[in-house]
Amino acid sequence: MRNAKRTTDVMAPDCIVIGYNEIDFAEHARRKQAEKGKSGGYHDLLTNSVLLGGERRTYMDLLNIVRERMTGQPSRLSAFELPSLGVAYLTSFLRRRDFSAAPINSFNSATEQLRQLLSGSPRAVAITTTYYVYDEPIREIVRFVREHNPDVPIVVGGPRIQNLCAEQSPESRDERLRPLGADIYINSTQGEDTLAAVLAALRDKGGDLSRTPNLVYRDPADPDGPMLHTLTMVENNDLDENVVDWSYFDPSYYAPTAYMRTSRSCSFGCAFCNYPALAGPLNLSDLSTIEKELRYLCDHGVRNLIFVDDTFNVPLPRFKKICRMMIDNKFDLNWISFFRCSNADDEAFDLMAEAGCTAVFLGIESGDQRILKNMTKFAKTDRYEYGIRELTRRGIATLASIIVGFPGETEESVKNTIAFLNRTQPTFFNVMLYYHDVLAPIEKQREKYGIEGSGYSWRHSTMSWQEATDWKDYLVRNVKGPALMPGYGLSLWTLPYLLANGMTMEETVEFIKGASRLVIKGLDTDYLDPEPEIETIMRNLAAVRAGVGREVRV
């Protein structure tokens with residue numbers, strides 16, 4: 001794992017910033033399996049993993065097995081080798097304010113570096129929570145830090161903390177946060193300015209946090225007593241002023257594949273999503289800021305880029321300006337992004353292809369117009385069809401993301417979605433069981449749709465979560481052509497990483513098609529032996545590399 005070389009010699013930084021903790025997926029699956037009669041969480045996992053040796057494994061685990069067998073060399077590919085944008089952003093933000101910050105890009109592969117940094121008595125440790133939907137990965141990092149430095153204050157912030165705190169009484173917040181084991185929790189949609197204020201208080205005010213906003217923290221005088229809560233204040237950190245300063249990092253940290261953000265929040269209001277309400281109004285970086293960051297990255301070896309903006313092509317005129325700017329500068333990047341087909345035209349498709357777009361994530365959600373209306377998607381299936389056709393025609397890979405079980409879902413709507421996917425033939429698709437978020441706009445329509453329960457345990461007037469799991473299986477088995485791509489381990493966002501590690505797009509598509517067949521077979525209770533399918537994947541990959549035909553097992 002690459003970590004920023006310019007910070008490895010900092011033995012007593014003001015803050016150690018810790019990135020993602022990749023879980024043991026098989027163990028995670030076993031925990032979820034214990035809940036399979038109570039919610040659909042375990043079943044959602046089944047169509048996002050393969051069954052190998054009686055254990056649930058990720059597509060990336062399978063790819064490493066295949067690569068090792070084909071080459072005879074160890075393969076340790078992991079998408080979390082990519083530079084964490086959250087870690088890079090926080091490190092840059094703090095250094096601009098004269099705090100020393102040491103980034104730990106991945107907890108899993110930098111434990112020795114973290115151990116050394118903890119031995120140097122840092123002022124604080126900050127744990128990001130961007131990708132977590134449950135708490136054990138956070139607790140594991142906290143335990144490690146406590147083991148190697150029991151006195152350093154541990155600060156945890158980000159989306160997981162915000163979701164745990166949302167619409168909770170102070171007492172409920174205590175109950176949900178205390179088991180994580182940290183000292184200080186930042187409850188803010190942004191939080192970076194609050195983190196800087198925490199570090200300033202620890203450095204200049206003897207640790208008095210009472211006047212630092214957006215905090216829930218343990219009382220130093222009574223660690224086991226009620227937690228303390230400070231005033232809530234909205235942060236609005238300027239995107240242009242706080243763009244990541246990549247000069248703080250050695251190029252080996254971020255090249256050849258990096259993440260980049262050009263906006264914050266989303267201008268849409270999909271009924272199942274709470275992000276726009278939490279993140280506030282859409283905030284856009286200036287074109288000159290984007291150009292400057294792109295030029296620096298390209299000049300220092302970046303060839304593959306992942307734009308993380310939720311609505312990269314909104315507003316459309318701005319998107320076209322970004323594409324033209326990339327073309328005029330001859331940045332020669334391969335990039336991927338989220339994309340809204342309802343907000344595009346032929347000129348946009350031409351520009352993005354010329355600018356180097358290789359793949360897009362399409363939040364299709366449903367191929368049934370009535371369900372799209374229920375979701376307040378403000379999109380038409382014919383625009384989706386047009387978009388997928390035009391993107392494909394220009395050689396841009398597409399992933400159609402689908403939700404099964406949204407309020408109003410029926411047998412007819414599921415079959416309409418299957419027909420849509422079979423008709424439009426996106427390169428990839430993924431399918432998720434509906435998750436009822438009580439903070440999302442749909443919660444206000446409980447009575448209208450007869451919604452009961454929450455999370456993966458729900459029912460409404462047209463379907464239960466149990467019925468939805470059956471229909472999800474039915475969809476996976478009956479979509480013909482597009483490859484089933486999971487949302488974890490090896491997702492669309494890993495494509496640039498795989499390209500940088502020597503795989504072609506054709507090989508990647510072929511592998512995911514093979515993994516898809518394993519997923520379908522793994523849904524059958526009597527399926528035990530994956531070896532024939534693994535052998536077929538290997539033969540087909542070899543055939544693609546050799547430029548000859550491939551075998552297809554069904």
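How much accessible surface does the protein have, and what share of it belongs to carbon and sulfur atoms? I looked this up before anything else. The accessible surface comes to about 22,900 Å², and 49% of it belongs to carbon and sulfur atoms. I note that this is a predicted model.

Overall dimensions. I find that the C-alpha trace spans about 65 × 55 × 50 Å along its principal axes. The radius of gyration is 23 Å, which agrees with the value near 24 Å that a compact globule of 554 residues would have. Buried residues account for 57% of the 554. I also checked contacts between residues at least 6 apart in sequence: 74% of them join residues at least 24 apart.

Charges. I count 64 positive and 74 negative side chains. The centres of the two sets lie 3 Å apart.

Secondary structure. I list 22 helices and 21 strands.

Strand 1. I looked at residues 15–20 and found 6 of the 6 buried, so strand 1 is largely enclosed by the rest of the structure. Strand 1 pairs with strand 4 (residues 101–106) in the parallel sense, over 5 bridges. Strand 1 also runs parallel to strand 5 (residues 125–127), joined by 3 bridges. I took V17 as a reference point: its bridge partner in strand 4 is P103, and in strand 5 it stands opposite A126.

Strands 18 to 20. I see an open sheet of 3 strands in the order 18-19-20, paired antiparallel. Strand 18 (452–454) and strand 20 (463–464) each have a single partner strand, so one side of each is left without a neighbour in the sheet. Strand 18 is joined to strand 19 (residues 457–460) by 3 bridges, and G453 stands opposite W458 in strand 19.

Notes:
Residues are numbered from 1 along each chain as its sequence is written. This is a predicted model: local features need pLDDT of at least 70, side-chain atom pairs count only at pLDDT 80 or more; totals for chains, interfaces and linings use all residues. Side-chain values use heavy atoms; hydrogens and water are left out. Buried means under 20% relative accessible area, exposed over 50%, partly exposed in between (1.4 Å probe, protein chains only). Helices (H or I, at least four residues) and strands (E, at least two) are DSSP runs, numbered from the N terminus. Two strands pair if DSSP finds at least two bridges between them. The radius of gyration is taken over C-alpha atoms; the globule rule is 2.2 Å times the number of residues to the power 0.38. Contact means heavy atoms within 4.5 Å. Accessible areas come from the Shrake-Rupley method with a 1.4 Å probe; for residues, only the protein chains shown count as cover. Lys and Arg count as positive and Asp and Glu as negative; His and the chain ends are not counted. The place of a charge is taken as NZ of Lys, CZ of Arg, CG of Asp or CD of Glu.
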